[in-house]
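Here is a short tour of a protein model. Keep the structure open as you read.

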Protein chains: 2
Amino acid sequence: MHNLKKESLLILASESPRRKELLAGAGLSFTVIPSLFDESSVPISAPETYVKLLAESKASDVSNKYPEQWIIGADTIVQSDNDILGKPSSEKDAFRMLKQLNGRIHHVVTGYSICCKKRNFNFTEAVTTEVLFKDLTEKEICWYINTKEPFDKAGAYAIQGLASRFVKRINGSYTNVVGLPVCEVIEALERTKIWSRNI
Amino acid sequence: MHNLKKESLLILASESPRRKELLAGAGLSFTVIPSLFDESSVPISAPETYVKLLAESKASDVSNKYPEQWIIGADTIVQSDNDILGKPSSEKDAFRMLKQLNGRIHHVVTGYSICCKKRNFNFTEAVTTEVLFKDLTEKEICWYINTKEPFDKAGAYAIQGLASRFVKRINGSYTNVVGLPVCEVIEALERTKIWSRNI
């Protein structure tokens with residue numbers, strides 16, 4: 001059982017250290033309680049529909065256990081052409097993904113869901129950011145794979161990590177690429193009046 | 001006198017902790033030796049011309065002392081309409097700047113200069129990123145000023161700090177807004193063949 005303080009109104013239903021850093025870095029107070037929702041139970045569909053369904057399912061799972069709290073759930077995918085790139089399963093898989101992203105534009109889509117069961121509140125949305133990678137040499141790709149950074153990241157890279165050197169420009173929300181569109185999430189929280197309790 | 005290791009080929013001529021984090025986060029090895037160049041000696045001109053001149057002057061100042069090393073100098077300004085916004089001098093000044101950025105697009109311009117005196121090498125360029133702030137309430141602006149974060153930042157905000165919640169989208173290089181366009185700087189270093197010594 002998680003040690004939930006009475007005053008902790010907000011729960012981040014994600015074990016991603018990047019999402020935790022983003023929310024804490026923006027000045028919010030919250031508790032982390034990862035969802036136990038089985039992601040593999042959701043069939044892959046259109047990117048926005050897919051991440052919204054996953055975000056909502058994760059938030060809802062934690063909301064059932066903590067009905068009085070406000071829960072944030074999220075899910076991020078990388079879309080390149082018509083492929084959805086998840087976390088790479090091997091070095092070969094990471095190499096394939098990074099070759100696919102090389103020198104081109106791809107899209108990062110994050111779904112986020114804010115819910116409170118007791119108040120019968122649910123708001124779920126998705127944000128898309130365009131990302132342009134520079135031209136990578138095979139030597140650079142191999143160097144990056146050897147750092148091990150790609151292995152727990154959708155699309156096999158971390159924009160806030162060593163791969164910052166690969167990203168020429170983005171168009172849209174930066175924090176969305178890291179894992180949570182902070183501006184949009186806080187605007188949604190403001191509408192619930194949670195904001196004033198957290199600053 | 002700075003403790004410069006013999007193997008340290010690369011020097012960052014900036015005391016900005018943000019630039020240091022960006023370069024280190026991208027995997028580079030370097031030494032920090034801030035320039036003593038007097039910025040106030042340069043008259044304000046067109047944004048790109050101005051930051052390039054400052055970046056080159058800072059790099060050149062350190063290069064004169066360490067002629068065998070490769071030096072990186074940089075300078076960042078915030079441009080809103082035709083105003084160049086520097087670091088705020090007071091709470092009132094920070095409030096004025098944040099009101100000016102509120103709900104609108106502004107531009108962040110970073111000049112960077114890479115030089116090596118012994119090799120008679122100098123490459124100086126500027127990168128511009130478009131940033132859109134959400135609509136801020138006066139309460140939010142006052143909250144942000146009270147955190148003290150605005151006071152050592154050009155334009156009175158830090159995109160990687162608490163102000164991440166104010167930024168709706170960017171178009172261009174994210175690291176450029178933080179203080180150094182990492183992708184472009186490393187591409188320029190690659191052309192000098194420093195790269196292979198740093199990974």
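## A buried strand

Look at strand β5 of chain A, residues 105-116. Nine of its 12 residues are buried, so the rest of the structure largely encloses β5(A). A residue is buried if 20 or more other C-beta atoms, placed from the backbone, lie within 10 Å of its own. Strands here are DSSP runs of E with at least two residues, helices are runs of H or I with at least four, and both are numbered from the N terminus.

This is a predicted model: local features need pLDDT of at least 70, side-chain atom pairs count only at pLDDT 80 or more, and totals for chains, interfaces and linings use all residues. Residues are numbered from 1 along each chain as its sequence is written, while chains are lettered from A and ligands numbered from 1 in the order in which they are written.

## Partners of β5(A)

Which strands pair with β5(A)? Strand β3 of chain A (residues 70-80) runs antiparallel to β5(A), and nine bridges join them. Two strands pair if DSSP finds at least two bridges between them. Across this pairing, A:Ile72 stands opposite A:Ile114.

Strand β6 of chain A (residues 121-133) also pairs with β5(A) in the antiparallel sense, over 12 bridges. Here A:Ile105 has A:Leu132 as its bridge partner. β5(A) and β6(A) form a hairpin, with four residues between them. In the turn, A:Asn120 has a positive phi of about 55°.

## Where the chains meet

How many residues of chain B are in contact with chain A? The count is 24, and they touch 24 residues of chain A. Contact means that the C-beta atoms of two residues, placed from the backbone, lie within 7 Å. On chain B, β7 (167-172), α5 (174-178) and α6 (182-191) each supply at least two residues. The largest share, six residues, comes from β7(B).

β7 of chain A (residues 167-172) and β7(B) run antiparallel, joined by three bridges. A:Ile170 stands opposite B:Gly172.

## Two helices in chain B

Helices α3 (residues 91-101) and α4 (residues 138-146) of chain B pack at an angle of about 135°, with axes 10 Å apart. Axes are lines fitted to C-alpha atoms over the stretch in contact, and angles run from 0 to 180 degrees between N-to-C directions. That makes α3(B) oblique to α4(B). Under 35 degrees is roughly parallel, over 145 roughly antiparallel, 65 to 115 roughly perpendicular, and the rest oblique.
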